[in-house]
Amino acid sequence: MEAQTTTSDPSLKTETSKKKKWEMPDTYVILFLVLLLAVIATYLVPAGSFEREAVDGVERVVPGTYAETDGNPAGFMDIFLALQTGMVQSGGLIFLVLFAGGAFEVVERSGAIKGGILRAVSKTQGKEFWLIAIVSVLFALGGAVGAVANSVIPFVAIGLIITRALKLDALVAVSITFGATFAGFNVGFLNPYTVGIAQSIADIPLFSGMTLRLIAFAVIVGATILYTWRYAKKVLDDPSKSLVGVAAEDSSAEENLKAPFTARHKLILGFVGLSLLFFIYATIQFKWTIDHMAAFFIIIGLVSGIMAGMNYNQVALTFLEGCQKLVYGALIIGVARAILIVMEDASILDTFVQALSIPLEGLSPILATIGMFVSNAVLNFLVPSGSGQAMISMPILAPLADMIGITRQVAVQAYQFGDGFTNSIFPTSGPLMASLAVAGVPWIKWAKWMLPLFLIWCVIAVVMLSVGVLINWGPV
């Protein structure tokens, strides 16, 4: 009888397997571990610094002037003081992210974005290529200006409605929503979360270098549309060519494409578009900064809410809900800043810059720039946060650019490409995995489909960065 009592309980097996299952550490956990490594490094890495000089109002590293100095190793309490100080010093950037999230939440809640997309769909029904192209461009613009990035996830459901009406598969749905968003995000010509933060840290004019970025945006988004259409055409001609299978015909799909796009919606989108254009003008004409942009997003959210017919409570609560959605990503900026505070206080940051510059000295500026791009792509596997990665990378890349003879504008874009591209294929990307879950697409299927496009993007990036080096890309 006692032998029967040893029979295993299935629930205990399940509990045991759950305990044994390894989970990828959260981004905050990874950054805290990096912070601890930085603290340890203050005891092992020799302190040193470069001489710096002001060039056109920007403090730049003087190559060849590195010299060792007295160190200041971090103590136990310094770890937690650095976290608090990092939050305080990054306050402007943190509130930029939060306020941008609040403003875009008000615009999205008004129905203007959804209405505009579905109106574009209804106007292009029966013209599959133009439908894919127009929807992709709309989402790419949203990604490029930071209006749609992590918030693309619910829009994947709209993509499914569109592709079912066209008798296409879920891969196309993810491509014209998530994929197109990050095609625009790759360049981020007006993205406050990535390019805006990186340029601020690199001490170059906010949203400068727009011309080359707009060209790159057109090329990358164009390549994405053609790649998606090539696959979609195969599926339209022969549904068996689909990698994930075409869903059964849904009679309600076309009905779901009907959504109001009122004059009010048009006014809201027009106002937001003109506001962003005005901000570009203001950064050039009035030298507006990150702080101005954060304040300007409050205005955009407030006015958009009033135009949408919300009362004062609705505007306030919707704005705060948008801020709340981005708290996770915003506070990463402060944690990443803490790592640099520890390194700066111990005078070892310049030592790392010097160490990184040595293997790059024998390379041409173009190859060194490509090295920056690749290193940021690898870093994004561990830190899949554009703003967080900017805080870690740019304080190193900016002086490194001075050392190897390339402009800081090129260094900013090397970071941006490294961060942007891998978001669309690394399984550590939260928005990617959530979008695939909404569409019911396995990551392996997506990776197989996405890899050739990812490589095309990389080729375009290498060409653009090379051009940037050759023309000594600056504020134009």
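**Values and cut-offs in a predicted model**

Biologist: Why is Asp350 called buried?

Modeller: The relative accessibility of Asp350 is 8%. Buried means under 20%, so Asp350 falls in that class. This is a predicted model.

Biologist: What makes Arg52 partly exposed?

Modeller: Its relative accessible area is 36%.

Biologist: How do you know that the side chains of Arg52 and Asp350 meet in a salt bridge?

Modeller: The N to O distance is 2.9 Å. The cut-off is 4 Å between a side-chain nitrogen of Lys or Arg and a carboxyl oxygen of Asp or Glu, so the pair qualifies. Arg52 sits in strand E2 and Asp350 in helix H16, 298 residues apart, and the pair links distant parts of the chain.

Biologist: How many salt bridges does the structure hold?

Modeller: There are seven. One of them joins Arg109 to Glu105, with the closest N and O atoms 2.7 Å apart, and that value is within the 4 Å limit.

Biologist: Where do Arg109 and Glu105 lie?

Modeller: Both are in helix H4 (residues 91-109), four residues apart, or about one turn of the helix. An α-helix has 3.6 residues a turn, so residues three or four places apart point the same way.

Biologist: Is Glu105 buried or exposed?

Modeller: Glu105 is buried, because its relative accessibility of 7% is under 20%. Arg109, at 41%, is partly exposed.

Biologist: What do the side chains of Glu105 and Lys325 meet in?

Modeller: They meet in a salt bridge, at 3.1 Å from N to O. This pair too links distant parts of the chain, with Glu105 in H4 and Lys325 in helix H14 (residues 312-325), 220 residues apart. Salt bridges with shared partners join Glu105, Arg109, Glu321 and Lys325 into one network.

Biologist: Why is Lys325 called exposed?

Modeller: Its relative accessible area is 57%. Exposed means over 50%, so the label holds.

Biologist: How do you know that the span of helix H6 agrees with the number of its residues?

Modeller: H6 has 17 residues (128-144), and at 1.5 Å a residue it should span 24 Å. Its end C-alpha atoms are 24 Å apart, so the two values agree.

Biologist: Which helices do the buried residues of H6 pack against?

Modeller: They pack against H5, H7, H8 and H10. The buried residues of H6 include Leu131, Ile132, Val135 and Phe139. Just after H6, Gly146 has a positive phi of about 85°.

Biologist: Is Phe207 buried or exposed?

Modeller: Phe207 is buried, because 4% is under the 20% limit. Phe207 lies in the loop between H9 and H10, and its phi is near 60°, a positive value in a residue other than glycine.

Biologist: Is Lys287 buried or exposed?

Modeller: Lys287 is exposed, because 62% is over 50%. Lys287 belongs to the loop between H12 and H13. Its phi is also positive, near 60°.

Biologist: How do the residues of the lining of the second largest pocket divide?

Modeller: They divide into 20 nonpolar, four polar and no charged. The lining has 24 residues, with Phe352, Leu356, Leu379, Ile392 and Ile396 nearest the centre. The elements giving two or more residues are H2, H15, H16, H17 and H18, and H17 gives the most, seven. The volume of this pocket is about 610 Å³.

Notes
Residues numbered from 1 in each chain as written. Predicted model: local features only at pLDDT ≥ 70, side-chain atom pairs only at ≥ 80, totals over all residues. Heavy atoms only, no water. Buried < 20%, exposed > 50% of the residue type's maximum accessible area, 1.4 Å probe, protein only. 1 Å grid on protein atoms, 1.4 Å probe; cavity = no way out; pocket = protein on both sides within 12 Å on 5 of 7 lines; lining within 4 Å. Points joined across faces, edges and corners; volume = space filled by probe spheres on them. Nonpolar A, V, L, I, M, F, W, Y, C, P; charged D, E, K, R; others polar. Expected span 1.5 Å × (residues − 1). Contact = heavy atoms within 4.5 Å.
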